[in-house]
Amino acid sequence: MPFAWNLPYLSVFLTMVTAILLSVLPGAKRAYRITVCVAAAVAGMSLAFLVFIANADASYAFTMGKFPAPFGNEIKFGPLQGIFAYVFSSVMCLSLLGGREELFEDVDPKKMGLACVMFNMVLASLLVLSYTNDAFTAYVFIEISTIAACALVMIKDSGPTLVATVRYLFMSLLGSGLFLFSIILLYAITGHLLMPQLTESVKRLMADGSYTKVLALLLGMMTAGLGVKSAMFPFHRWLPDAHGTATTSSSAVLSGLVVKGYAVLLITMYVRVFTLDTVRAFHIHDAVFALGFCGMILGSVMAIRETHAKRMLAYSSVAQLGYVFMGIGLGTPAGVAAACFQILAHAFTKPLLFVSVGRLASTVGHDKQLRSLRGTAWGCPLAGLGFGVGALSMVGIPLFGGFAAKVNFSTASIFGDEKVALTLGVLALSSILNALYYIPALINIWSEKNPNAKDAEKDYTATAAIVLLAAGVLFLGLRFTPVMDLIVRGLELM
């Protein structure tokens, strides 16, 4: 077995062992540095693995433990899983670097070690949700991700964050419960939990016409459960409070990564276990498309009405996740591939915006009201430029990742039968709505210098994070064709 086959497993193992060690190691700065280094190491291993697997043009199953299928546990990795693992781990590292200053201000030094435990567990969960070949293991790490994400919201330890955490926890548990019930039903009618065996069983049941109502029910429950956890409209009400009140690093990780992990798992279950033909047979994709359509429009409308910068970005995430569900709802490989690209583009863009807002707010005493941020870009020009890159990408200006994502959705809609006109129309309307709150916000921060704003203190880690996140947005905008080719090939090898 080539050594590169071990890298996905070693990445998960490293993050989980680090989390265990940080729970007992003293020192806030030490815990933070170790966490950043581990995220960087995982990003390096994931990149090395991505290069290997892309050149091999294949996918592999890695059995953990001594028990073979169907009793043992497996992870499966291919080009698509390699892309997700690399992007998730690198953005995690950059989010920690970008929000370092505010993280140390908002978190009690005695609790920093526990906060870093949660960051590591979130990264481990994201990796497993990308790699897993076992439905129950996916559920286990959904729960781990839920607990860790709730902890990342409340580490700021203020009244609003505690209220937001309770609301987040209730909604997350509802989503987890729906997913668990769907797995129970799936196991009851198939007798399997590993995805290859599940796939064969589902195909046989569909061919025989057996348990079709049960399959439709559990597929709907699974979609709703993962939809709740990934802020699918109308299950999004927990997101603005949770992401808008958390400290900058937590907001960047939650909005840019955590909700994407559940969307990735939904894509895996649709493509690898049920197949898109089964999803279309039950018309589940039509419901997902409709909810994605509503999220794209109403998320932007709510963002336009918002006066708090981070809450505006949180509502924007609802709209951007609507793009993902719209692509999945097209029910075609091209639509799913476009959704995967949107996951990557948003994973870079939204943390860039959160980090930039955090740096701009530091010039006015961390006041994140839009009116208070007026003219703050002159006190921190790099953050102003970073916000500009993120905002223009969200609007869909050429050369940026957001524009490339919309091109992909437009192309994919051609294969969506009757949804062509509707998809193109909602893309145009959504772009206009995005412009109605991102362009004014961009003009606001670059207006005449705020006399109450001071120049931001030098923070080289935040500078590096903004530059690299912006580079990721530009790379996806300029080189989206080879990325899409790799995504398409990865979906074929799932």
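**Salt bridges and their setting**

Tutor: By the distance rule, the count comes to 6 salt bridges. Keep in mind that this is a predicted model.

Start with R489. R489 forms a salt bridge with D57, and their closest N and O atoms are 2.7 Å apart. Now place the two partners. R489 lies in helix 19, which covers residues 480-492. D57 sits in the loop between helix 2 (28-56) and strand 1 (60-64). The pair therefore ties together parts that are 432 residues apart in sequence.

Are these two partners buried, exposed or partly exposed? R489 is partly exposed, with a relative accessible area of 30%. D57 is partly exposed too, at 36%. The reasoning rests on two cut-offs: buried means under 20%, and exposed means over 50%. Both values fall in between, so both residues count as partly exposed.

R489 has another partner. R489 also forms a salt bridge with E492, with the closest N and O atoms 3.0 Å apart. Here the sequence distance is 3 residues. R489 and E492 both lie in helix 19, about one turn of the helix apart. E492 is exposed, because its relative accessible area is 55%.

R311 forms a salt bridge with E306, and the closest N and O atoms are 3.3 Å apart. E306 has 16% relative accessibility, so E306 counts as buried.

Now go back to helix 19 and look at I487. Helix 19 runs over residues 480-492. I487 touches L80, I83, A337, C340, F341 and L344, leaving aside residues up to four places away in sequence. I487 also belongs to the largest nonpolar core, which has 157 residues. Within this core, F274 and I487 touch the most other members. The largest share of the core, 18 residues, comes from helix 11 (residues 248-281). A second, separate core has 12 residues, including I297, M326, L330 and F409. There is a general pattern behind this: in soluble globular proteins, nonpolar side chains tend to be buried together.

Some nonpolar side chains are on the surface, though. L21, V24 and L25 form a nonpolar patch there, with about 280 Å² of accessible area together. L21 is located in helix 1 (residues 7-22). L21 is partly exposed, because its relative accessible area is 47%.

Last, step back to the whole chain. The protein chain has 19 helices and 2 strands. Its radius of gyration is 21 Å, close to the 23 Å that the globule rule gives for 494 residues, so the chain is as compact as a globular protein of that length. Along the principal axes, the C-alpha atoms fill a box of roughly 75 × 55 × 45 Å. Buried residues make up 61% of the 494 residues. The chain exposes about 17900 Å², and carbon and sulfur atoms supply 68% of that area.

Contacts across the sequence come up here as well. Among contacts between residues at least 6 apart in sequence, 81% join residues at least 24 apart.

Technical notes: Residues numbered from 1 in each chain as written. Predicted model: local features only at pLDDT ≥ 70, side-chain atom pairs only at ≥ 80, totals over all residues. Heavy atoms only, no water. Patch = residues over 30% accessible without salt bridge, like charges linked within 9 Å, V, L, I, M, F, W, Y side chains within 5 Å. Areas by Shrake-Rupley, 256 points an atom, 1.4 Å probe, with all protein chains shown as cover. Salt bridge = Lys/Arg side-chain N within 4 Å of Asp/Glu carboxyl O. Helix = DSSP H or I, 4+ residues; strand = E, 2+ residues; numbered from the N terminus. Buried < 20%, exposed > 50% of the residue type's maximum accessible area, 1.4 Å probe, protein only. Core = buried A, V, L, I, M, F, W, Y, C linked by side-chain atoms within 4.5 Å. Contact = heavy atoms within 4.5 Å. Rg over C-alpha atoms; globule rule 2.2 N^0.38 Å.
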